Amino acid sequence: MVIWRFLLFCIVGIAVTACSMQAQNTPAELAQSPVDDWRAAIDAHVIEQMQQLGIPGAAVGIVRGDQVEYLQGYGIAGDDGRPVTPQTPFYIASLSKSVTAAAVIQLVEASKLELDAPVQRYLPWFRLADEEAAAQITVRHLLAQTSGFSELGGYERNLDDDMYDDALEQSVRAMHGAPLNAAPGVQFEYSNTNYDLLGLLVATVSSESYESYVQRHIFDLLDMDDAFTSLADAQGHGVSSGYYPYFGQVRSQDHAMFFGRATTPSAGLVASAEDLAHWLVAHLNGGRYADAQLISPQGMELLHTVAVSITEEVGYAMGWTTFPFTDALPADDVERSAPLALTHSGRWLGYAAQLLLVPEQELGVVLLLNLNDPAADSALSNIGWNVGLLALGLPAKQFPQHEDWVERNARLLMLAIVAIFTALNLWLLRPRARLVFIVAACLVQVVTVAYLVLIRLPEVKTTLPLLLHFEPDLGQITLALIALAGWSVVRTGAALAQTVIARDRVALDAQ
């Protein structure tokens with residue numbers, strides 16, 4: 001009876017937590033009336049969503065044409081209560097890719113790189129498992145994410161915490177045995193590896209480190225005064241803490257933050273909302289910000305041009321995803337075609353960032369959040385879409401969620417499985433437990449863990465080490481399941497051994 005009471009207690013506790021987390025992750029109902037005071041509407045929407053999703057702090061920037069029209073900070077940047085301002089630096093993760101792409105185009109325009117030149121022209125030692133394929137990869141393939149590098153392999157690079165000056169080069173050299181998922185130029189597959197390799201090309205042909213190049217030729221040029229190329233520098237200048245809903249409780253992850261120079265070009269830059277507003281001004285004005293020319297108008301057009309189709313409507317340019325922003329038109333405007341929009345998001349432990357460009361309407365949107373929750377990723381992105389709509393004078397909308405039921409409730413499902421497995425294993429500790437039940441329980445646990453680790457995690461482009469770093473509670477639950485399954489195997493082995501010994505004794509007694 002004690003075991004079943006324990007199991008009932010666990011299930012009730014999980015159900016209560018589920019109700020709490022479901023309420024937290026359910027977007028609030030959105031007003032559908034036209035927007036007159038768009039600034040006040042953005043403030044109200046962002047604050048409402050922060051409360052609904054448990055986001056400690058946020059920053060927004062709105063650009064129209066060549067002007068930064070609105071900058072605002074919300075909430076707190078750390079447990080010390082300091083407020084978020086437009087100048088507060090945030091980790092921007094994959095937004096770094098658009099910076100790296102612009103650096104590449106600068107060097108193309110300086111005749112130091114050619115888009116259709118093979119990578120081996122600049123890195124003669126570059127090798128992969130398929131040497132012939134490695135020789136075919138061009139700079140353009142890397143920019144368009146069509147090199148054939150794997151998405152999961154790119155994410156696994158994020159675990160490289162090497163801080164030496166040659167970290168980027170050594171990480172690329174270490175790929176000499178890496179396979180490709182497709183031949184170069186054949187298909188799109190998003191991979192951080194592409195942009196880290198581009199960062200090494202930038203460093204190689206400019207004869208300076210990637211960090212130094214970006215600081216001098218981009219950040220300084222565009223007056224991005226609160227932008228940094230390393231987490232350590234940003235931490236000395238008030239970077240916001242990052243938060244994660246650890247078992248449903250929003251907690252700072254400063255103690256767990258990690259950074260390595262091998263992935264700075266794809267995911268390692270830091271910037272404020274004001275910095276990124278300057279960045280978007282340059283993108284909306286042919287590469288110009290104030291008196292500075294980042295790249296030529298033709299170079300900026302090249303960055304924004306669709307290089308490869310992902311779906312019938314969605315494409316990838318160079319560091320940007322493109323799509324028709326149908327919601328940016330009033331409901332009664334059926335004659336005009338939807339304007340093309342460019343966007344990119346960035347996700348890291350404790351941070352979510354988003355950029356949106358609608359060139360036809362001369363609009364740029366920056367959204368920086370100091371919370372990341374993969375189970376509510378759609379809801380976080382939808383804040384950015386709605387800030388864009390509100391800036392256009394349109395009402396906010398209830399966008400659909402792309403996470404399936406399992407993804408939204410992964411913590412609860414896995415906790416329930418832990419509770420069931422724990423209760424089952426304790427019950428089978430009884431001296432009179434039947435061998436068939438012990439073996440069956442072992443098989444169920446081993447098969448469940450094998451499915452989770454060998455099938456489910458690769459399906460969602462992650463691994464156990466990545467889970468432990470980016471979704472620590474899920475990673476720890478997975479470890480608990482592995483431990484329970486391992487214990488069950490040991491228990492089954494012991495039970496089988498006892499059975500064999502007992503049968504041998506019976507046989508000896510019979511003789």
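Predicted model: local features only at pLDDT ≥ 70, side-chain atom pairs only at ≥ 80, totals over all residues.

Me: What makes helix 3 roughly perpendicular to helix 10?

Reply: The axes of helix 3 and helix 10 (residues 210-219) come within 11 Å and cross at roughly 80°. The range for roughly perpendicular is 65 to 115 degrees, so helix 3 is roughly perpendicular to helix 10. On the side of helix 3 the contact is made by Ser96, Val99, Thr100, Ala103, Gln106 and Leu107. Helix 10 supplies Tyr210, Tyr213, Val214, His217 and Ile218. The residues of this contact divide into 7 nonpolar, 4 polar and no charged.

Me: Why is helix 17 described as roughly antiparallel to helix 18?

Reply: The axes of helix 17 (residues 410-427) and helix 18 come within 11 Å and cross at roughly 155°. Angles over 145 degrees count as roughly antiparallel, and therefore helix 17 is roughly antiparallel to helix 18. The crossing of helix 17 and helix 18 is left-handed. In helix 17, Met414, Ile417, Phe421, Leu424 and Asn425 meet Ala441, Val444, Gln445, Thr448 and Leu452 of helix 18. The contact of helix 17 with helix 18 comprises 7 nonpolar, 3 polar and no charged residues.

Me: How do you know that Arg456 is buried?

Reply: Arg456 has a relative accessibility of 17%. Buried means under 20%, so Arg456 counts as buried. Arg456 is placed in helix 18 (residues 435-459). Leaving aside neighbours within four places in sequence, Arg456 is in contact with Asp404, Val406, Glu407 and Tyr451.

Me: What makes Asp160 partly exposed?

Reply: Its relative accessibility is 27%. Under 20% would be buried and over 50% exposed; the value for Asp160 lies in between, and therefore Asp160 counts as partly exposed. Asp160 is found in the loop between helix 7 and helix 8. Neighbours within four places in sequence aside, Asp160 is in contact with Ser171, Gly260 and Ala262. The C-alpha atoms of Asp160 and Ala183, 23 residues apart along the chain, are separated by 26 Å.

Me: Why is a positive phi worth noting at Ser111 and Gln145?

Reply: Most residues other than glycine have a negative phi. Ser111 is not a glycine, but has a positive phi of about 60°. Gln145, likewise not a glycine, has a positive phi of about 60°.

Me: Are Ser111 and Gln145 buried or exposed?

Reply: Ser111 has a relative accessible area of 68%; exposed means over 50%, so Ser111 is exposed. Gln145 has 0% relative accessibility; the limit for buried is under 20%, and therefore Gln145 counts as buried. Ser111 is in the loop between helix 3 and helix 4 (119-122), while Gln145 is in the loop between helix 6 (139-144) and helix 7 (151-156).

Me: Which residues have the most contacts inside the largest nonpolar core?

Reply: They are Phe126, Ile218, Trp279 and Trp348, in a core of 93 residues. Helix 13 (residues 273-284) provides the largest share of this core, 8 residues. A second, separate core of 37 residues includes Ile62, Tyr70, Ala376 and Ala391.

Me: What does Trp348 touch beyond its neighbours within four places in sequence?

Reply: Trp348 is in contact with Tyr91, Ala93, Asn158, Met257, Phe258, Ala267, Asn372 and Phe470.

Methods. Residues numbered from 1 in each chain as written. Heavy atoms only, no water. Core = buried A, V, L, I, M, F, W, Y, C linked by side-chain atoms within 4.5 Å. Buried < 20%, exposed > 50% of the residue type's maximum accessible area, 1.4 Å probe, protein only. Helix = DSSP H or I, 4+ residues; strand = E, 2+ residues; numbered from the N terminus. Contact = heavy atoms within 4.5 Å. Axes fitted to C-alpha atoms, helices over the stretch in contact; angles between N-to-C directions. Parallel < 35°, antiparallel > 145°, perpendicular 65-115°, else oblique. Nonpolar A, V, L, I, M, F, W, Y, C, P; charged D, E, K, R; others polar. Left-handed = near helix turned anticlockwise from the far one by under 90°.
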